[in-house]
Amino acid sequence: MSERRYEDVIEFSTEALERLMKSHILQLLDLRSTAYEKQGLLSRALEDAARMTQYVPTSPLGYLKVGSIQWINGKSGLAADNLKEGLKLVPKSHSQYHQMQEEFAKAMLRAQSRFDIIANLPREVVHKIMLLLKESERLWVCVTVSQKWCDQVTHCASWWNSVTIKETGTSLDQLISDAIPRVKKCIEYLELPDLSSFDLRKRYFAHLKNGGFANIKMLSLKETIYRIMEPEDFAITLWQMRHTLTSLKLELRANKPYRLLSVLATCPNIEDLSYVTAGDILFTNENKSYATVVTCEKLLNMELHYQGSNTTYSAICSHIALCPNIRRLILKSFNETPFVGNARTTTFTDYCPKLKVLGLNCAEETPDVDNLAECSTYQKGLRCICVKFDHVGNFHHTLRHIEAQYYSLEQLVVVHTQVNEQHQIQAPPVGSTSLHTYSKLHTLRYIYHNAGYYNYSQHGAHAASTAESILGAIIQNSPNLSNLSLLCPFIPMHLRIIVEQTIKNRIQNLTLDSVTFQSATTDWFRSLFSTLRRVQNLIIQNCSFFDDDIMLSLAASESVRHLTITKCSRISSDGLTEFLKKVALCHSHRLQTLNLNSLSTPLTASAVGAIVKVKSLFTLRISGDKSISVETINNLIDQAPGSSLKRIEILNCSSPRTATTWQDSISRLKMNGIALVIL
């Protein structure tokens, strides 16, 4: 300092501080690693030991600690590899260098003498063993065990057909990510969820961009992966998969400019597309020239969910016109977007003549079409329409699509919902509808969620043209309607007469769900059930209107063959007994199957006695009865041989599980031609 050599002093002080800090860090990491090791937390101890080698690569302390933990884990090969790497970096003049050489020699000797059962078993046996592991555990094996194990695990391509990444928030996430490049050539179905770790997103983005997914068929990407992907990178990723990719699911809620048109252009062989965006689906003048070279002739199923308010009917139609062979189309709008254009006669089938299933704001209720590629196309028109109208959709917007398909429509699902608000649904304009005969309509589902009331004063004399009235007219004009499902808290007054006539004369399969008790409808239901003529399959679930008296009236109907009662709280065991006694007295009754699910009261001995006396009953299924006793079940088993029962199922009931075995009862009933299933 006296000679003013300040630069040398600064350099000397800096080096001394670094050595001091590294020395303290090594000591603290060594101390914590040892504590973890004593507690048996070897994975955490190994993490601290690895940090020691990263902070001071020239110190033998970290390598010796890693080797010691790997030795305890029985991974002598990994311990030897670690010590070998350390011997290259640690100075030979270091006092512990000779100790590292000795530990390395011990690890090598143990690794060479170790018998690796996986490496010596036949590959077919190894595959069966590995199948017992979870998907993430198999990926972990790829990068943490020996190369021989890795070769065994990655060799079986069938294991990696489907890979779903799940973020755990631990170091395992990075290990699994590192394993993807080793198996990506085998992956056919890859699903990436929302990832909170930015580093993890970068890793999977690099895997996708680098390609190599030679057999990928289905790709599902969620929002967070796009936060680090630019449009050109995304286009490159899809273009690399274009030859094999047939199913694509995208959730673009990051509102980046990934246009639907770009997706269609980069995936010409796609068959199934789900496209969710926080923005709009636009088709501008700049897109028109680009669209002339875009065709997705193999696309069969398309789901479009959009949140922007600038999406138009014409933009949707311009996109689907590029996919002329679509069989199933689902549109979900999060804002008020009409599903009709300026031309009143325009429908989606004008752009997709082979379209068979259409869902408008009703993705969850729209059924799949089995084997879409072989879906019949010789007959024009839609076979199934599912519509949902609420505060973002009006019924007259969708009615036009229903009316236009009167000649071909087979299934219709109408979801009517409004949450805690007065209905804003408008009546169709006067003269805009003329109901036709729906000659092929055989199935109709009406779902009515938390509906309020109509402000009929806004419609004046045309209040009868509400959605419910039009739906009633469709029911009335469907001569071949045989399947009717009503999920609604109550049946509107002006629908009751139509529904009653239809149920009595045409319906064969009837489902009533969540219908509440109302004193005004009690007599109506009692009269309806006592006069059923065609209904063969009756399902009643979550209905508070269905009590003992109404069930007793059902005994007068001789058409019901299959009866299912689920979670009906007003049905008692005594009421069930009286119903079955009355059915047993009617020799012409056709009841063949009785399903009792989650009843509020347990089955009694008198009910069992009534069940076995029904001569037409072949199948009895009791499910979810938490109070049924073992004594009642034994009573049923004892009386079953003298009845007409051929099959008895007792499922998800707590009491039978307490018994040691039912094998003797099963064998005894089997000798009498009765199958007994208790699960």
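Pro479 counts as partly exposed, at 43% relative accessibility, in what is a predicted model. This proline sits in the loop that runs between helix H17 (467-476) and strand E12 (483-487). Once neighbours within four places in sequence are set aside, Pro479 is in contact with Thr437, Tyr438, Ser439 and Arg506. Another residue on record for Pro479 is Lys440: the two are 39 residues apart in sequence, and their C-alpha atoms are 8.2 Å apart in space.

Thr502 belongs to helix H18 (residues 493-505). Thr502 has a relative accessible area of 0% and is therefore buried, as the cut-off for buried is under 20%. Its contacts, leaving aside neighbours within four places in sequence, are Ile475, Leu481 and Ile507.

**The chain as a whole**

The protein chain has 25 helices and 19 strands. It comprises 679 residues, of which 48% count as buried. Taking contacts between residues at least 6 apart in sequence, 79% join residues at least 24 apart.

Asn597 is part of strand E16 (residues 593-597). With a relative accessibility of 16%, Asn597 counts as buried. Not counting residues up to four places away in sequence, Asn597 touches Thr564, Ile565, Thr566, Lys567 and Ser623. For one of these, Ile565, the C-alpha atom is 6.1 Å from that of Asn597, although the two residues are 32 apart in sequence.

Lys567, which Asn597 touches, is found in the loop between strand E15 (562-566) and helix H21 (573-585). Lys567 is not a glycine, yet it has a positive phi of about 50 degrees. Ser598 likewise is not a glycine and has a positive phi, here of about 55 degrees. Ser598 is placed in the loop between E16 and helix H22 (605-611). At 29% relative accessibility, Ser598 counts as partly exposed.

**Aromatic pairs**

How many aromatic pairs does a search of the whole structure find? The search finds eight. Trp524 and Phe525 form an edge-to-face pair, with 4.9 Å from centre to centre and 70 degrees between the planes. Trp524 is buried, with a relative accessible area of 14%, and Phe525 is buried too, with a value of 2%.

Phe529 and Phe546 also pair: their ring centres are 6.1 Å apart and their planes stand at 80 degrees, so this pair is edge-to-face. Planes over 60 degrees apart count that way. Phe529 lies in helix H19 (residues 519-530), while Phe546 lies in the loop between strand E14 (537-541) and helix H20 (548-554), so the pair ties together parts that are 17 residues apart in sequence. Both Phe529 and Phe546 are buried.

**Two helix contacts**

Two packed helices are described by the angle between their axes and the distance between the axes. The table gives these values for two helix pairs.

| Helices | Angle between axes | Axis distance |
|---|---|---|
| H3 (residues 60-72) and H4 (residues 76-89) | about 170 degrees | 8 Å |
| H11 (residues 198-210) and H12 (residues 231-240) | roughly 55 degrees | within 8 Å |

The angle between H3 and H4 is about 170 degrees, which makes H3 roughly antiparallel to H4. On the H3 side, the contact is made by Tyr63, Leu64, Val66, Gly67, Gln70 and Trp71, and on the H4 side by Ser76, Leu78, Ala79, Asn82, Leu83, Gly86 and Leu89. By class, this contact of H3 with H4 has eight nonpolar residues, five polar and no charged ones.

The axes of H11 and H12 cross at roughly 55 degrees, and these helices are therefore oblique to each other. H11 contributes Phe205, Leu208, Lys209 and Asn210 to the contact, and H12 contributes Asp233, Thr237 and Gln240. The residues of the contact of H11 with H12 divide into two nonpolar, three polar and two charged.

Technical notes
Residues numbered from 1 in each chain as written. Predicted model: local features only at pLDDT ≥ 70, side-chain atom pairs only at ≥ 80, totals over all residues. Heavy atoms only, no water. Helix = DSSP H or I, 4+ residues; strand = E, 2+ residues; numbered from the N terminus. Buried < 20%, exposed > 50% of the residue type's maximum accessible area, 1.4 Å probe, protein only. Contact = heavy atoms within 4.5 Å. Phe/Tyr/Trp six-rings, centres within 6.5 Å; stacked < 30°, edge-to-face > 60°. Axes fitted to C-alpha atoms, helices over the stretch in contact; angles between N-to-C directions. Parallel < 35°, antiparallel > 145°, perpendicular 65-115°, else oblique. Nonpolar A, V, L, I, M, F, W, Y, C, P; charged D, E, K, R; others polar.
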